[in-house]
Amino acid sequence: MAGEQRRIAVDLTPLRTSRAFRTLFLARSISVFGIGFLVVALPIQVYRLTGSTAMVATVATVIGISAFAGTLIGGPAADHYDRRAVIVSSRAAATLGFAVLAVNAMLPEPRLWVILLCAVVDGVTGGVSETALVAAVPGLIPPDRLAAGAALMALTADLGHMAAPALAGLLIAWLDVAANYWLAAGAGLVTTLLLARLGRMKAERDPAETPFRAALSGVRFVAGHRIVGATLLIGCVTMLLSGWNVLIPEYVSEVLHGGETTAGLLFAAPAAGAVLGSLTSGWTGSIRRGGQVIFVATFVSATGLAGAGLVASTVVVFTGLAAHGAGRVVSDIARFAVVQANTPDEFRGRVSGLWTAQLTIALSLGAVVAGGIASAVPARAAFLVYGVGGCLATVTLWWLLTTLRTLDDRAPAPR
């Protein structure tokens, strides 16, 4: 029984065996927690200054577009320069931006243009550092522990998304938004100092290749590689299913007849499912057929959304959304392991850039799809239609992507 529990529980081997991975894990945990305070403070401050939800959305859009640009910059940079230097310099710049936000918030009349400028800095630096970080992980742990490493990194993000926002609201009520910005800046400083302790992470590359040509060669590599390309393609389903939060306000009001408490509970449900999925991900380290795990987990994620719309019950909706979150995180873990195991080190930065770009634009693209569905069907049917669409897309790709479906880690990897 103890052996089974160890096999199911999250695999801590990367933390025990790799000092560099421990440092990276700790740094990212602190960074995610600090940014959790930032993402609550920004919209609250912007709304206070402008009284406009549209302006709040504008700031969020600026961050999203800037982060996408950061991933496009970060990919070639991570393959062209020392990855530690890329991560440290971008986190240091982000920390400076957080401090500027804090000083601006303490002014008698905070400036909106300063917030917008810092939003650009936050987005670009976040995209660059996350891309370089993803590219660096495979060099710190053995190939057979990539899934375990991905699960641990996902766990930090999901725990941060659960805990930090709630604490951020309390801190704003107690000390106002400037305190949140200073806390984010402090977390950024600690993160930067920790990452600076890592050794050099120089990628193997062609020294004659310019960053622009490097970016193009990265796209050609993904398009021509039947495993890596297919894995990123199935990730598009996850992107399309990322707009579930758009459906919650109307569903809670019109179908469940609930209030803010119910909505808050449902907003937290996918993160709760994702944490559970990460904590029980030990089995992913022993999988041979990673492609099949990706398809099954993606299907579970879509089925969870469909199940959330079957019965007008808060418990049912919460359970469905939690299942969606659990399926999503297992799919992410398996996709990360498959992509990194099949990507040569010289391309890891650029492939990680495309991977991170998917995550960056997922919320925006998913919101568009979910909003379209919400406008076309009654509120009661929105989750069901959304989830069924994801199921059909997953099954279609399962039928089309034969190489990924039949992937066996013991066989030579096809290109």
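Of the 415 residues of the protein, 51% count as buried. The model is a predicted one. Displayed as a cartoon, the protein shows 17 helices and 0 strands. Among contacts with a separation of 6 or more, 85% join residues 24 or more positions apart.

**First stop: the nonpolar cores**

Select Phe 21, Leu 24, Ile 248, Leu 321, Phe 383, Tyr 386 and Leu 404, and show their side chains. These residues have the most contacts inside the largest nonpolar core, which has 82 residues. Next select residues 314-341, helix H14. This helix gives the most to the core, contributing 10 residues.

Now centre the view on Ile 248. Once neighbours within four places in sequence are set aside, Ile 248 is in contact with Ala 263, Leu 266, Phe 267, Leu 321 and Phe 383. Another core, of 26 residues, lies apart from the largest one; select Leu 101, Cys 118, Ala 168 and Ala 185, which are among its members. As a general background, nonpolar side chains in soluble globular proteins tend to be buried together.

**Second stop: helix H10 against helix H14**

Two packed helices are described by the angle between their axes and the distance between the axes. Select residues 226-240, helix H10, and keep H14 displayed. The two helices pack at an angle of about 165°, and their axes are 10 Å apart. An angle over 145 degrees counts as roughly antiparallel, and H10 and H14 are therefore roughly antiparallel to each other. Their crossing is left-handed.

To see the contact itself, show the side chains on both helices. On the H10 side, select Ile 227, Val 228, Thr 231, Ile 234, Gly 235 and Thr 238. They meet Arg 328, Ser 331, Asp 332, Arg 335, Val 338 and Val 339 of H14. Coloured by class, the residues of this contact divide into 5 nonpolar, 4 polar and 3 charged.

From H10, select Leu 233, Ile 234, Val 237 and Leu 240; from H16, select Tyr 386, Gly 390, Ala 393, Thr 394 and Leu 397. These residues make the contact between the two helices. How many of them are nonpolar, polar and charged? The contact of H10 with H16 has 7 nonpolar residues, 2 polar residues and no charged residues.

Methods
Residues numbered from 1 in each chain as written. Predicted model: local features only at pLDDT ≥ 70, side-chain atom pairs only at ≥ 80, totals over all residues. Heavy atoms only, no water. Core = buried A, V, L, I, M, F, W, Y, C linked by side-chain atoms within 4.5 Å. Buried < 20%, exposed > 50% of the residue type's maximum accessible area, 1.4 Å probe, protein only. Helix = DSSP H or I, 4+ residues; strand = E, 2+ residues; numbered from the N terminus. Contact = heavy atoms within 4.5 Å. Axes fitted to C-alpha atoms, helices over the stretch in contact; angles between N-to-C directions. Parallel < 35°, antiparallel > 145°, perpendicular 65-115°, else oblique. Left-handed = near helix turned anticlockwise from the far one by under 90°. Nonpolar A, V, L, I, M, F, W, Y, C, P; charged D, E, K, R; others polar.
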